[in-house]
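Here is a short report for a first look at this protein. Start with the structure, then read on.

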Amino acid sequence: MSIFPTMGFQQDTVVLIPPWLEQLLHTPFFNVCRIHADAARSECNMFCIDCNGEAFCFYCRSSRHKDHQVIQIRRSSYHDVVRVSEIQKVLDISGVQTYVINSARVLFLNVRPQPKSGKGVAQICEICGRSLLDPVRFCSLGCKLEGIKKNGDASFALDGRNEELTMDTSRGSVSSRQQEEGLREGSTQDMYSSTPSPPSSNARRRKGIPHRAPFGS
């Protein structure tokens, strides 16, 4: 069954938002599984697109979602993220800011609290106003969802744009600023400062010409 049923405002119009996405964005993750609470990998950090239900753990996936489309959710600074390599198989994520965290390229599920914007930041999220690193429209999947509802000029339906995104990644298009975001989550100075700081006054000071001490009489 297609994850994008052909139902919309008009006949034969492809739905811009898959029916399971809003459930994903509102699902609480990382609670302890009620069935496997004593197991080592009991945190509920997975979501099944086919079942469109609640989060579940590693062991539930093996027993109840073996042949289903499952997305694994991860955490960065207490916020839910998903790897680009996983989510781009089922959603068009074009226009959403991505980051490199722990050597993996990810994007955030929902809007985060807005830190103080750095000076000279030209790109911001169209929905929440969060400062962005790259010339994209949204900071998260949640903001893209709101943008689609508000304007209808974007879509989550796959049409090949994710393939271009994958090619750009293989060519090394991940910027050093994205890497800084992964290393220093929430530090606007490190994320947005593009001009190197001037050297200290001690570094600019030239040593004087050495003088030999006079010989004693």
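## Contacts and model

A contact means heavy atoms within 4.5 Å. In the protein chain, residues 24 or more positions apart account for 51% of the contacts with a separation of 6 or more.

This is a predicted model: local features need pLDDT of at least 70, side-chain atom pairs count only at pLDDT 80 or more, and totals for chains, interfaces and linings use all residues. Residues are numbered from 1 along each chain as its sequence is written, and side-chain values use heavy atoms, without hydrogens or water.

## Fold

The protein chain has 8 helices and 6 strands. These are DSSP runs, numbered from the N terminus: helices are H or I with at least four residues, strands are E with at least two. Along the sequence the pattern reads α-β-α-β-β-β-α-β-β-α-α-α-α-α.

## Cores

Of the 217 residues, 37% count as buried. Buried means under 20% relative accessible area, exposed over 50%, partly exposed in between (1.4 Å probe, protein chains only).

A nonpolar core is a set of buried Ala, Val, Leu, Ile, Met, Phe, Trp, Tyr and Cys residues joined through side-chain atoms within 4.5 Å. The largest has 33 residues; Trp-20, Leu-21, Ile-87, Leu-91 and Leu-141 touch the most other members. Elements α1 (21-26), β1 (46-48), β2 (70-72), α3 (84-87) and α4 (141-151) each supply at least two of its residues. A second, separate core of 7 residues includes Tyr-99, Ile-101, Phe-108 and Leu-133.

## Cysteines

The structure holds 0 disulfides (pairs of cysteine sulfur atoms within 2.5 Å). For Cys-44, the nearest cysteine sulfur, that of Cys-33, is 4.7 Å away. Cys-44 is buried, at 9% relative accessibility.
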